[in-house]
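Please keep the sequence and the 3D view at hand while reading.

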Amino acid sequence: MSSDVEVSALAINVTVPQALRWTDTRRGEEFTLTTLNVRLLPDGHVAVKAYGRPAAGGRGAYVSFPVPDRPELATLVAQAAGRAGELWAAHRGLG
């Protein structure tokens with residue numbers, strides 16, 4: 001495949017293990033953060049947002065939050081990015 005193919009985005013979703021989940025508040029409502037969306041930026045770095053649902057349950061909005069600066073979350077992101085790279089490299093094409 002030619003290197004002139006333009007890829008505009010690479011993103012993965014990562015489930016946050018129960019032990020690493022946290023809560024945050026938006027507009028007076030507490031959310032439990034359960035998923036990370038990790039995007040590969042053109043310069044090779046990654047950007048991450050956390051997503052979750054209302055801690056009280058129900059059908060609240062799926063809202064994004066910043067990811068706290070915690071070593072165990074940084075490790076999770078690095079491991080997930082590495083694993084995604086392995087999976088992409090081993091893809092078997094369409095079908």
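## A residue to start from

Leaving aside its neighbours within four places in sequence, with which residues is Ile-12 in contact? Ile-12 is in contact with Leu-36, Asn-37, Val-38, Ala-80, Ala-81 and Ala-84, where contact means heavy atoms within 4.5 Å.

This is a predicted model, in which local features need pLDDT of at least 70 and side-chain atom pairs count only at pLDDT 80 or more, while totals for chains, interfaces and linings use all residues. Residues are numbered from 1 along each chain as its sequence is written, and side-chain values use heavy atoms, with hydrogens and water left out.

## Strands and their pairing

Helices (DSSP runs of H or I, at least four residues) and strands (runs of E, at least two) are numbered from the N terminus. Two strands pair if DSSP finds at least two bridges between them. Strands β1 and β3 run antiparallel and are joined by six bridges; here Ile-12 has Val-38 in β3 as its bridge partner. Strand β2 (residues 22–26) pairs with strand β3 (residues 29–40) in the antiparallel sense, over five bridges. Within this pairing, Thr-23 stands opposite Thr-32, and Arg-26 has Glu-29 as its bridge partner.

Strand β3 also pairs with strand β4 (residues 46–54), again in the antiparallel sense, over nine bridges. In β4, Lys-49 is the bridge partner of Asn-37. The hairpin of β3 and β4 has five residues between the strands, and Gly-44 in this hairpin takes a positive phi near 95 degrees.

## The nonpolar core

A nonpolar core is a set of buried Ala, Val, Leu, Ile, Met, Phe, Trp, Tyr and Cys residues joined through side-chain atoms within 4.5 Å. Buried means under 20% relative accessible area, exposed over 50%, and partly exposed in between, with a 1.4 Å probe and protein chains only. The largest such core has 17 residues, and those with the most contacts inside it are Ile-12, Val-14, Trp-22, Leu-36 and Val-38. Two or more residues of this core come from each of β1, β3, β5 (63–65) and α1. Its largest share, five residues, is supplied by α1.

Thr-35 is a residue of strand β3. Thr-35 counts as buried because its relative accessibility is 17%. Not counting residues up to four places away in sequence, Thr-35 touches Asn-13, Val-14, Val-16, Lys-49, Ala-50, Tyr-51 and Tyr-62.

## Two pockets

On a 1 Å grid over the protein atoms alone, a pocket is an open set of points where a 1.4 Å probe fits, with protein on both sides within 12 Å along at least five of seven lines; lining residues have an atom within 4 Å of a point. Grid points are joined across faces, edges and corners, and a volume is the space filled by probe spheres set on the points. The largest pocket holds about 350 Å³ of space. Its lining has 13 residues, of which Val-7, Leu-10, Ala-11, Leu-40 and Trp-88 lie nearest the centre. At least two lining residues come from each of β1 (10–15), β3 and α1 (71–89), and α1 gives the largest share, four residues. By class, this lining has 12 nonpolar, one polar and no charged residues; Ala, Val, Leu, Ile, Met, Phe, Trp, Tyr, Cys and Pro count as nonpolar, Asp, Glu, Lys and Arg as charged, and the others, Gly among them, as polar.

The second largest pocket has a volume of about 160 Å³. Among the residues that line it are Val-7, Leu-10, Arg-39, Leu-40 and Gly-44. The lining of this second pocket divides into six nonpolar, two polar and one charged.

Arg-27 is placed in the loop between β2 and β3, in a hairpin with two residues between the strands. The phi of Arg-27 is near 50 degrees, a positive value in a residue other than glycine. Arg-27 counts as exposed because its relative accessibility is 81%.

Glu-86 has its place in helix α1. With 48% relative accessibility, Glu-86 counts as partly exposed. Glu-86 and Arg-27 are 59 residues apart in sequence and, from C-alpha to C-alpha, 39 Å apart in space.
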